[in-house]
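Here is a short tour of a few local features, with the cut-offs spelled out as they come up. Have the model open and follow along.

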Amino acid sequence: MHNNKYLQEEIIRISGVNPSKCMRCGKCSATCPAYDEMEYHPHQFVNMVECGDIEPLLNSKSLYKCLSCFACIDRCPRGVEPAKVVEAVRLTAIRKQGANHMTADDIPAIIEEDTPQQLLVSAFRKYTK
Amino acid sequence: MQVNEYKPLIVAFCCNWCSYAGADLAGNNRLAYPADVKIIRVPCSCRVNPMFILRAFQRGADGVIICGCHPGDCHYTSGNYFTRRRMAALFSMLDFLGIEKERTRVEWVSAAEGAKFAATMNDFVATVTALGENKRLEDLRCKK
Amino acid sequence: MRKCSLEKINLLFKEIAKNAELYLPQDQTDGSAAYKKWEEGSVWSNALNTVRSPKDFFFPQTEDLMAFKTEGKNIEVIDTRKALDDFVIFGVRACDVKSFDILDRVFLSEPVDSFYALRRSHGVIISLACSKPSETCFCKTFGINPAEPTGDISAWKTETDIFFESNTQKGKELLEKLSALTEECDDTAVVDQKAKIDAIMQKLPLKDLKTDAFGGGKTGELFNAPEWDELSEACLGCGTCTFVCPTCQCYDIKDFNTGNGVIRFRCWDSCMYSDFTKMAHGNNRLTQKERFRQRFMHKLVYYPENNDGLFSCVGCGRCLVKCPISMNIVKVMKKIGGKKGE
Amino acid sequence: MQKITREQLIQKASELLENGTVSAVLGWGIGEFDYDVTPTVFSTVEELRNGFVFNDFCGANFSKYLVKKTDKIEGKILVFLKPCDTYSFNQLLTEHRFDREKVYAVGIPCEGMADIAKVKAISGDGIAAIGSNGDKLTVTTLYADEPVVIAANDVLAERCINCKSKKHVAYDELMGEEGEVIESNRFDEVARLEAMTADERFAFWQNELSRCIRCNACRDACPACTCEKCVFDNPNSGVENKSPANEFEEKLFHIIRAYHVAGRCTDCGECSRVCPQNIPLHLLNRKFIKDMNDFYGEYQAGAEVGSRAPLVDYTTEDLEPGEVFDRRENNA
Amino acid sequence: MQRVGVFVCWCGSNIAGTVDVEAVSEALKSEPGVVFSTNYQYMCSQAGQDMIKQAVKEHNLTGIVVCSCSPRMHEATFRKTAAAAGLNPYMVEIANIREQCSWVHKDMLTGTEKAIILGKAAIAKVNLNAPLIPGESPVTKRALVIGGGIAGIQTALDIADAGFPVDIVEKKPTIGGKMAQLDKTFPTLDCAACILTPKMVDVAQNEKIRIFSYSEVTEVSGFVGNFEVTIKKNARYVKEDICTGCGACVEKCPMKRIPNEFNLGMDNRPAIYIPFAQAVPKVATIDPNACNMLKNGKCGVCSKVCAAGAIDYTQKDEYINEKYGAIVVATGFNPISMDKFDEFAYNQSKDVITSLEFERLTNAAGPSAGKLLRPSDGKHPHTIVFVQCVGSRCESCAEKGKEYCSKICCMYTAKHAMLTRDKYPDTEVYVFYIDVRTPGKNFDEFYRRAVEEYGVKYIKGMVGKVVPEGDKLKVQASDLIANKQLHIDADLVVLAAAIEPDKSARPLATMLTASMDTNDFFTEAHPKLRPVESPTAGVFLSGACQGPKDIPETVSQAGAAASKVIGLLAKDKLTGNPCVANSNELMCNGCSSCANVCPYGAITYEDKEFRMPDRTTKIRRVASVNPAVCQGCGACTVACPSGAMDLKGFANLQIMAEVDAICK
């Protein structure tokens, strides 16, 4: 297994999450609505970050499948906050590629009549630096 | 260049049943806190006479902390309730005289709260260190 | 005689302060006056007198005598005496100047109190005549003339000027140093003021208070006077009279344990206190009546007996003003002295 | 300015002496001047006629004298109590300091007592006579040609300006009309100090306490300080001392003094009245009273016999010592 | 001046690792009063103690300072040593240089420096020590057991067996506690009632045991050997001594729709009820909140049908005062509330139940007479999901659950799963677990049998949510090993709810002045060496009030607590703590401040004649302390304005001397 210490520390720092608090109950994944879409599931994110196995996560589409619904954060009995880990990995990926995945210009194309503004804010959070 | 780092002198009065045991538990668990803290064992926090606190400041203490059982848990039923009132009155008076209120503190630490004891002491030492030497309630005769 | 315009008084103070520490009565925040060190900007008080007497300068309330430093089981003796600078006390009233004579007889007679002697030798006293004595003043009873204050230099203050006359070598030297700010003058204004003061003295309510009933040799007659019961009835046993008194000279010697050693110091004591002169066997005077009597017998009988008839009261009136229950030496003299005191 | 007169009091006292109700009278004795009144025990009508005085300078609180006098005197002692004195009277009873049976207490109204220092500040020194006429004082001095007329209200003692009650809480007999508990502003000065920064407060007290000469008058006059042996006189107490040797000793004495009477102090103001150095000692006591009122609910020491002072009481919901400050900051 | 000996302990490397013991004993040699100073590897060992005894003899020591571990650990040891050497045991002071020095400071220099200061403080104190002689107090030979569950029952039986009278106070109408509600017990699967009810009968028949059922403790005063307790007997409106428990009233009571607590509200009971058939005492109780007669004065049916004439609508709460020498707390546990666990739909569906409810459902005396039927529709469930650790090990959600492991859930869930598969083989049983914890005799074997013999599907993972849909419960869970998210249509979901101490424990702890941890479990005097004693002398702990426990553990702790009680009650006299307050009568003002703050009423006043300093005599009111009642808290010493009140062993001057030494 590849252990990327630098990225591991970076993610832990960005997320503020201590993955060693995880007791492997899997409730995050049990509650995740995007589970089936994801190659790596919330508990795996936590576990892989804990192991420093970051590269597969960075390259996985799972990053962008997370809805940021925070159900896992709500349900986690240990206060580990997996969604923040996912978010941190996402940020790492974006920063690494040095490009925004979404620009303001893209918005008119995406926008629909009833799109809530929060979605856009959330999207920007997810797909831009 | 030699940096003379300021080390405060902290006197901690701990009740025998909860806080002193809490301090022991901190030791059992090897939870470090600065050696500046020196503990005096008293049967109950209510044994702490305001004169002891003033005495400590006179003799060069920079901070005094009184630790007792949580309200309701006093081994002697009500001792810490009296402590709570006495110290509230005393601390308020010291503050009234312009003496830094951060130098005195009451904390409730149970026998099970070794971690809280260590954390409290770390925090109190940091607070007092930031304040610096006790100048407002010192007795120059007692300085070396 | 030399004079200085009051307009230049601060320059005069500055000049004095060049060579010595200068202390003069200054107003405090509570409205009373106290001797304080002169600094640029200090204002000389108009008050008749200070609450604390100037005896502090020679016999301070607390004074370290020596110290012991302990380390383990070793004890080192340390001399705590510090070098002393010359100092000048300005504006001392006639009564208070006289109090120094009384203290001198105690502290400068054999064995000489070296702490007191050292301070005394460094101090220069500039006295000041009282132009407006208070109703509580009775210095005259003890032969003190507020118009003729003694000291190293005597001073009189008028509306416009202040007049100086030196009485001692020390005073003369100091006055010479001030020659640039003072000018030689005649004593017309001073004579005029003395006459005015004399006239006021005739009007003071306590002008007729006499000491005839007191003095050496009166112990047998006065000690068991029944009036002591009544007089001491209300005494609270506080030390106010003693501590504001310019002539009270009793002190206690105490040890203060600093944790690293011991400081041996003396501090004023009061014969009114229940533990005054407490010894191994207990106290000499067990009741407040005995303690109360001691204070006045000492001032009016024992002291004159041992000091050529000199009373150890100067009639400054401080105790009359400050006693919490308004019991004082005047009431005692009148009551115990009976008709003779009138 | 007092509504009750010397003559009325002498008459009452004489009556009680003569009918045997009391065997002695604790009252005010005449002084050298018109203002230097001394607490005196009178045992005959003649003594009363010659030496009893009642005027605007009869401030002394007699309650404390009862501790000693009730022991010495056979039979009952008559004591005249102003409203504020009655609180001290009750507090001493609460603490079992004298036998109530040995006292005949006569409540007398008080219109507030004058402070001679304030009089002198207006009239000048050299007082020859002070007369009282309605709400005016007429002061004759050695230096003014004409007597100076002063409004009595302008020279009221501090404690009388901030009088907390004109109501007597204890007496066997009441002379004159009963008054009411007053909504006073006595805590304003404490609040003003509280609003200062700690540095300002420190400077304030440093200045005030620096004048202390440790004469113990504040303690010895205090009706709450009736200990058989005061800790400051007891070499085994660890705080014994005779002099304000330095700033620490000054503070130590006054903190402990105020702390020892906290919850027991009735705010009679004797400490400040007797202080030769005019240190506002009552502010320390009032600080404790104000705090305890704020923290634990209104409590007036001496309002009733047998009440339990806040510091020997508690509730399980009391505020924490650390919250004392948050609370003030929130109130500010 | 004392002649003090200083003994510095290395505690192997525990102290010597961070404190230069040689330097400490050397530095303390020159302290005032010290005539001998040494150090040794293990001061508490026989050799160490002999060294102390030897030194006392050789150097005529009058005081001893031991720089070692906490006085809470070995103060008693060294006091005994001193006594053996002929010294008063209270001439010993301990400087705590292990727990409060060497173990918390890493640096040798600071550790040594602090150890020296702590040693100096102890020397300063011992210099002012005076020999103390403890007083004695009698022992009331009766024990009180609070709580009538299996813990209380076993404790009471054991104490009574030793010949001492015992009272049990139980707040429910019957003893039996939680165990009475259980069906079978792991790992042997014997029926709970079969082993519990005989014990309940034993209690009822034991002459030494009194049962105060439907009662609670309202006031406790006194101290070890001499507790005074007020017990409130709630009015049950039935004369206990007359009622025969025939049940006629229960049958005839018209108010029949009151949720039955015993069955956790899954069925109903009448307003007058007997919780279950084997209740002890088997006496009916009227629920005053439900009874029409008590509420509105209309009805009176039970009174009419009662042949014994036991019904008494006018009965009042009764207060009983009794003295006890020892008190055993056996207040037990409860499952936590599931209200805040929305994700499991406990409040949305009747078919989501707790394990305790499951026990009732499978119990022959339960609401469904032992048939496993869904509470919602009474149908047989074919798919059952068990969820473990609901609210246990829950750190982030203190308001919802508990941080600790509830310990019993793994085993009872295995039991439930196994029994279900045994009785209803057509049922699919899933158990979602985080870890399966089976440390116990035959425990893991039991769990493996559930998996291997009974085909229970254990899935490592947690249930994320349960959504009721039609008559099904949609369970979404993760299978961490298969790395799959599972969707199960379940008929019944059983939650292994965390357990917590009974709510009555907290106020009781306050009354008893016994300490509790942050979770409201009673604290034991020592976690390892004194597990059944509370730090408050004379108060003992039995069962789950001290921490989660299964039945065998509870019973063994109950027996242990009983043996401690027996040991106490067997004594005729107790030696008290000599560190009590004493009043200097010459200084006492008689002001009553001290009595106002004394929690034990140990201070009384008397009028005494004194010779006053002014040669007169005076009768003065002065305080006097009853040393047998005083517990030595010191509250009075601070309340006393004149400083007349002081505390032996912790005197004003001693504490100030410590302050001085520390602040040097």
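## A loop residue in chain E

E:L586 sits in the loop that links β31 (581-583) to α17 (593-597) of chain E; helices (H or I, at least four residues) and strands (E, at least two) are DSSP runs numbered from the N terminus. This is a predicted model, where local features need pLDDT of at least 70, side-chain atom pairs count only at pLDDT 80 or more, and totals for chains, interfaces and linings use all residues. Residues are numbered from 1 along each chain as its sequence is written, while chains are lettered from A and ligands numbered from 1 in the order in which they are written.

## A helix with a buried side in chain D

In helix α5 (residues 116-123) of chain D, the buried residues are D:I116, D:V119, D:K120 and D:S123. They cover an arc of only 95° around the axis, so they lie on the same side of α5(D); the arc is that of the directions from the helix axis to the C-beta atoms. An α-helix has 3.6 residues a turn, so residues three or four places apart point the same way.

Among the elements covering these buried residues are β5 (127-133), β6 (136-141) and β7 (148-151) of chain D, with contact meaning C-beta atoms, placed from the backbone, within 7 Å. After α5(D) comes D:G124, with a positive phi near 90°.

Notes: A residue is buried if 20 or more other C-beta atoms lie within 10 Å of its own, exposed if 12 or fewer, and partly exposed in between; C-beta atoms are placed from the backbone. Two residues are in contact if their C-beta atoms, placed from the backbone, lie within 7 Å.
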